[in-house]
Amino acid sequence: MAPKIRQIADIAHVSPATVSLALNNKPGVAPATRARILSIQESLSKREGTQSFNQLIKGSVRFLKIVKHSHIVNRDHDVFVASYTEGMDKEARKHGYNLEITHISAEQIQDFIDHLNSSSCKGLIILGTELAAQDVLSFESVNVPIVVIDTSYEFIKLDFVDMNNVEALYQIVGYLKDRNHREIGFLWGEQVEARNFSLRREGFEQAMRSYGLPFSAARNVLTVDSTFTEAYLGVLAYLRRGLKLPTALVCANDLIASACLKAFKEAGIRVPEDVSLVGFDNLPMCEMLDPPLTTMQVSKHQIGERAMELLVGRITNRISAPTLKISVGGELIVRKSVRCLPDPGQPPEPAAGA
């Protein structure tokens, strides 16, 4: 199979067969996936004029995707991870490095470290989505530069590049407050090891208190599993127990939000008429939900670029700071799942004929 097809498959995080179907305009590929593959192919083709794969002579850097419990890092988030790798690959090639992608389970971490220390790899970017602090600490013995993305631990002496979760929750809560929502809930997967989930939960509480909105963990925070099916069943269970819904509900990610939307529809609860709903991540499915989901756009491509830029700086000794923790902001994408409530400070409109 042509090397370019394999390269595109690695960057897009799909199979070579899927790439082949997309490039040959065959059925069986989701529209969003097809568009992403064609975009990657166009980008690679443009670069071929000035830099072929054989000209990447500075060595290889590696992106390590680690699946620990697969509640978050799974097929539903493949497009999310693919945006990271596109940003990494673009930046790596700009500096003459080839990006290799490796997938392992948490049980294989030590074996991978032993292999890495004896390999010619120049540096490593780790997907830390499902990793606890102890998992990340395992990599302190690695003898090449390391950058961890999609998580952050302030006390670990490694470089991190992550989304600014707290700022994002301030954006979301502020947007809802501006639309006269005061009763706002947060739905998350507390039992899942995911530092970003914890940061979003903390950011939600901080934002609620900063904006002077009523908050108590017992009233404002709901917990479900982070997989689609279990989140859907968890929301249904809350509704059957007679949960009094807030006027707006913020979900820790889009997958939980879509499961919530499904449960609401089955229970006859309308979005946004009965409750407004906000997600996080801006996955492609958000535009196809009914109603389309308001959600937080994570700067995935930029996070990938910044992580690779930092890694190359470490490899070349251009960056000398002991450690760096880089936080990248996001943008709220407004769609149709949030409604503006009547302003409580304004008198109600008179009834017709009064």
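**Entry 1: helix 8**

I started at helix 8 (residues 195-210), where Glu205 and Arg209 sit about one helical turn from each other because they are 4 residues apart. Helices here are DSSP runs of H or I with at least four residues, strands are E runs of at least two, and both are numbered from the N terminus. This is a predicted model, in which local features need pLDDT of at least 70, side-chain atom pairs count only at pLDDT 80 or more, and totals for chains, interfaces and linings use all residues. Residues are numbered from 1 along each chain as its sequence is written, and side-chain values use heavy atoms, with hydrogens and water left out.

I found a salt bridge between Glu205 and Arg209, with 3.1 Å between the closest N and O atoms. The term means a side-chain nitrogen of Lys or Arg within 4 Å of a carboxyl oxygen of Asp or Glu. Glu205 is partly exposed, at 24% relative accessibility. For the record, buried means under 20% relative accessible area, exposed over 50%, and partly exposed in between (1.4 Å probe, protein chains only).

**Entry 2: other salt bridges**

How many salt bridges does the structure hold? I noted 14. One of them joins the side chains of Lys94 and Glu91, at 3.3 Å from N to O. Both residues are in helix 4 (residues 78-94) and 3 residues apart, so about one helical turn separates them. Is Lys94 buried or exposed? Lys94 is exposed at 60% relative accessibility, whereas Glu91 is buried at 6%.

I also looked at Glu309 and Arg306, whose salt bridge has its closest N and O atoms 3.3 Å apart. These two lie 3 residues apart in helix 12 (residues 300-315), about one turn of the helix. Glu309 is partly exposed at 34%, and Arg306 is partly exposed at 31%.

**Entry 3: strand 5**

Next I checked strand 5 (residues 159-163), where 5 of its 5 residues are buried. Strand 5 runs parallel to strand 4 (residues 146-149), joined by 3 bridges, and parallel to strand 11 (residues 325-328), joined by 4 bridges. Two strands pair if DSSP finds at least two bridges between them. Ile149 has Val161 of strand 5 as its bridge partner, and Asp162 has Ser327 of strand 11.

**Entry 4: two loop residues**

I looked up His181 in the loop between helix 7 (165-178) and strand 6 (184-188). His181 is buried, with a relative accessible area of 0%. Beyond neighbours within four places in sequence, its contacts (heavy atoms within 4.5 Å) include Leu176, Thr247, Ser276 and Arg339.

Lys244 is in the loop between helix 10 (228-240) and strand 8 (248-251), and is exposed at 65% relative accessibility. Its side chain makes a polar contact of 3.5 Å with the side chain of Glu183. A polar contact is a pair of N or O atoms within 3.5 Å; within protein, one must be able to donate a hydrogen and the other to accept it, and residues adjacent in sequence count only if both atoms are side-chain atoms.

**Entry 5: cysteines and totals**

I found 0 disulfides (cysteine sulfur atoms within 2.5 Å) in the structure. For Cys251, the nearest cysteine sulfur is that of Cys260, 4.8 Å away. Cys251 is buried at 0%.

Last, I wrote down that the chain has 12 helices and 12 strands, with 53% of its 354 residues buried.
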